[in-house]
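Student: I would like a close look at a single part of this model, taken slowly and with the terms spelled out.

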Amino acid sequence: MPPIYALVDCNNFYVSCERVFNPALEGRPVVVLSNNDGCIVSRSAEVKALGIGMGVPVFEVKDLIEKYGIQTFSSNYALYGDMSRRVMETLNGFAPEIEIYSIDEAFLNLAGLNKTNLAGYAQNIRATVRRWTGIPVCVGIAGTKTLAKLANRAAKKFSKSGVLDMTIMPAVELDALLSRIAVEDVWGIGPAISRVLKARGIQTALDLRGADIRWIKERFGIVAVRTVLELRGDPCIPLELHRPAKKNICVSRGFSRPVESLAELREAVAAYATRVAEKARRAGLAAGVLTVFVHTNRFRDEPQYSNAASIRLSVATGDTAELIQAAFRGLDSIFREGYRYAKAGVLLGEIVQASRVQPDLFDERDRDRAGRLSKAMDLLNADMGAGTLHYAATGFKRSWQTKFMRRSPRYTTRWNELPAVIAG
């Protein structure tokens, strides 16, 4: 049975999460900002209508923010991650196969559901997600994942219903729709490829569908060929029902101010090593190599420096204390006096399943004890809030820490930040 894909995509996801717990924001212009409140990373429809682009630095549109009363929020990743989980759990009930593509998108295979009205079924999906989570979504339906992506885009841009089913569109209407979609908006066609395509006269999704397959293969390879075939209705990209194993895990942040001392850099690196260790343990993984990196702000007219160091671990591990020690060794080897550091990070490599780690006969570390300590810390922090119990090496004042000056409460993950309802 051929697949029928539905791409469910949350509308302006970060903004929508803020509106769930603050209904007064509905209909008002809202933006969510990046780390340190530097750039716009999510925009409401009202902000898009003002012509404010994605990724624009806040200082460049400060006047517009004041003129139109645009509400600004710092990124609240704990809230967004939990709301994403709720949306995906809701979608799981609508199809036997689902691929979680990103924090706000999922592909569903609707084939075999015996639904005569897929558009009506998609409306039920939209209504249920909105009712259970408060998040608005649009749904695009097609016979391939690439076309489903385009159907979703068209549903947002051209359809008032929020749903578009390409499987029932007459060929003439489908051609007209594809002719309205720029080639750079096709899934998998990046800026570099689109420039070459446009130079050859391929301007739209319709043009790309009719492109010469041999030329596409010679110029761009088999991946681009699959895109063209998918535009023609031939499914070439299956669902990824199981996420591929991680090759690395990284935590990096820009500092709220330039950092010049080794002591503060060590605090930051210890904090990032703690976070990356927690990520590894939560996924049941361990790392054989840790890399620490630092760099200055290349946009400032001042001395520049960047470097990285990798530390091979004697035994693959996800133990916080051990990873902090390794991060310190790496940082000490690359730190240079006289620079104003803007960012640091910790990356874990050579990732393996923790259950398959091979012991070392000469290992002197009490790994059973370390594992029990890590588990106890994880349980306590999960119950009482992230960072309740932490290693002293991560610091206490943390004046370097990334700023979230306009962050809303973490309504769904912190007991002390639960929304309050006052009866009149």
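Which residue in S7 does Asp-9 stand opposite?

Tutor: Asp-9 stands opposite Cys-138 in S7. This is a predicted model, in which local features need pLDDT of at least 70 and side-chain atom pairs count only at pLDDT 80 or more, while totals for chains, interfaces and linings use all residues. Residues are numbered from 1 along each chain as its sequence is written, and side-chain values use heavy atoms, with hydrogens and water left out.

The two strands concerned are S1 (residues 5-10) and S7 (residues 137-142), which pair in the antiparallel sense over six bridges; strands here are DSSP runs of E with at least two residues, numbered from the N terminus, and two of them pair if DSSP finds at least two bridges between them. In general, strands of a sheet pair through backbone hydrogen bonds, either parallel or antiparallel.

Turning to the sheet around this pair, S1 and S7 belong to an open sheet of five strands, ordered S5-S6-S1-S7-S8, in which the pairing is mixed. At the edges stand strand S5 (97-102) and strand S8 (163-165), each with a single partner strand, so one side of each is left without a neighbour in the sheet. From one strand to the next the twist averages 15 degrees, where axes are lines fitted to C-alpha atoms and angles run from 0 to 180 degrees between N-to-C directions.

Elsewhere in the chain, helix H10 (residues 213-220) and H11 pack at an angle of about 145 degrees, and their axes are 7 Å apart; helices are DSSP runs of H or I with at least four residues.
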